[in-house]
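Welcome! Please have a look at the model below, and then read on.

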Amino acid sequence: MPHSAVTTIILAAGRSTRMKSSLPKALHPIAGRPMLGHVLATVAALDARPVLVVAPGMDQVTKYAKSVASDLAVAIQANPRGTGDAVKAALPEVKSGEGVALVIFGDTPLVRAETLKDMIAACGEKTPVVVLGFEAADPAAYGRLVVDASGMLQRIVELKDANDAEKRITLCNGGAMAIRAEHLARLLGKLSDKNKAGEFYLTDVVEHARHEGLGCTVVVAPEADIQGVNSRADLAAVEAEVQRRLRRRAMEQGVTLSDPETVYLSVDTVFGQDVTVGQNVVFGPGVTVASNVTIRPFCHIEGGVIEEGAQIGPFARIRPGSEIGRDAHIGNFVETKKAKVEEGAKINHLSYIGDARVGARANIGAGTITCNYDGFNKHFTDIGAGAFIGSNSALVAPVKIGDGAYTGSGSVITKDVEADALAVERNKQFEKPGWAAAFRAKHTTPKKAGE
């Protein structure tokens, strides 16, 4: 079905009330991406026009969504009164009499595109209403889907209204629904708010469709795909499921995870083949790792590129803008930020390299820092190929160390160093013979009586 024939209505008017958060629920991150971003990525795979339904004042949500989906339309649910009311708000964005309206939820980020495609395909003339269902391990909290012997959906029954036979049903309502556009406005117009909550329920569409003699059916998805987010605990559960999927995908693509459950990935983490990742490693957004890279335990990597054969960690932090070159070494307790570390360079111990270039095969001694910030502006340090930076050096930017140059240990380098030169900056050492013994004696002589 072409793009113009499918409209995906995303309900995202939740305000994080139960999450006790000032951040709108749809923007809480899962695996480095806002929850709504997961939903929009799924919609993008459908070739469908997205319509986002939000409450008044949710500009932050709208701004993010438009940054992700340029063809997004926005509908405002002026006075939120249930899911049916939310879909009514989106009606002006649905072409009357054409195609399918697919209703999904912004707080259910695990539903797969393949499942939604199945719903769209099933939404035809004979079955113009399709409901997403799942077999629940514990159905107590969910509405039941009552189907006949042929598998056609007869009605959706909430637990409080279910009889004993209906309570034994394990096929439950997953929330999403596909409705032929030619029936949508009419069926929504039949919804009533004559209930305890005073809301218009989208689920009542099934009852009205059956009264008209329209066929309704169910597409079944795994229960794990239906998890919604209404609390911080729900958010953690969905994060755990996304991480399981990402780890499985990484290992299927040729990555060794020494202890998979302790490795945390982002949805956009990219790996080459034969990458080895140790325990307790975190990948933030925007990381690309080439083949044959070793990442040792307890590293944190975000917004960086690691090229083939590089070795990272343990206990290294790679911050945004870092480019770690082929066969380079980043060792324990080393932090890089907006640094280009070229092929074969080594930064093995206890160093901070920020706003800098480290030339090919250069060696950075333990305790070296690039002093890149003057309190107002950031400045650049350029370390040439084959340079050797002595331990405990401070390179005060802006400064350039020439190719093959050396700096003496403990130096504070404030001026450019020529290629192949040695730069040493430290006070001359002097010595006072016997001073230490005299000092100790002074402070350890027994006091006289009365003192």
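Phe298 sits in the loop between β17 (294–295) and β18 (300–301); strands (E, at least two residues) and helices (H or I, at least four) are DSSP runs, numbered from the N terminus. This is a predicted model, in which local features need pLDDT of at least 70, side-chain atom pairs count only at pLDDT 80 or more, and totals for chains, interfaces and linings use all residues. Residues are numbered from 1 along each chain as its sequence is written, and side-chain values use heavy atoms, leaving out hydrogens and water.

With a relative accessible area of 43%, Phe298 is partly exposed; buried means under 20%, exposed over 50%, and partly exposed in between (1.4 Å probe, protein chains only). Ring pairs join Phe298 with Phe315 and Phe333 in a cluster.

How many aromatic pairs does a search of the whole structure find? There are six, counting rings of Phe, Tyr and Trp (its six-membered ring) with centres within 6.5 Å; planes under 30 degrees apart are stacked, over 60 edge-to-face, and the rest tilted. Two of these pairs are shown here:

| Pair | Type | Centre to centre | Between the planes |
|---|---|---|---|
| Phe134 and Tyr142 | edge-to-face | 5.0 Å | 90° |
| Trp435 and Phe439 | stacked | 5.1 Å | 15° |

Phe134 is buried at 1% relative accessibility, while Tyr142 is partly exposed at 32%. Trp435 and Phe439 are four residues apart in helix α9 (residues 435–444), which means about one helical turn separates them. Phe439 is partly exposed, with a relative accessible area of 41%.
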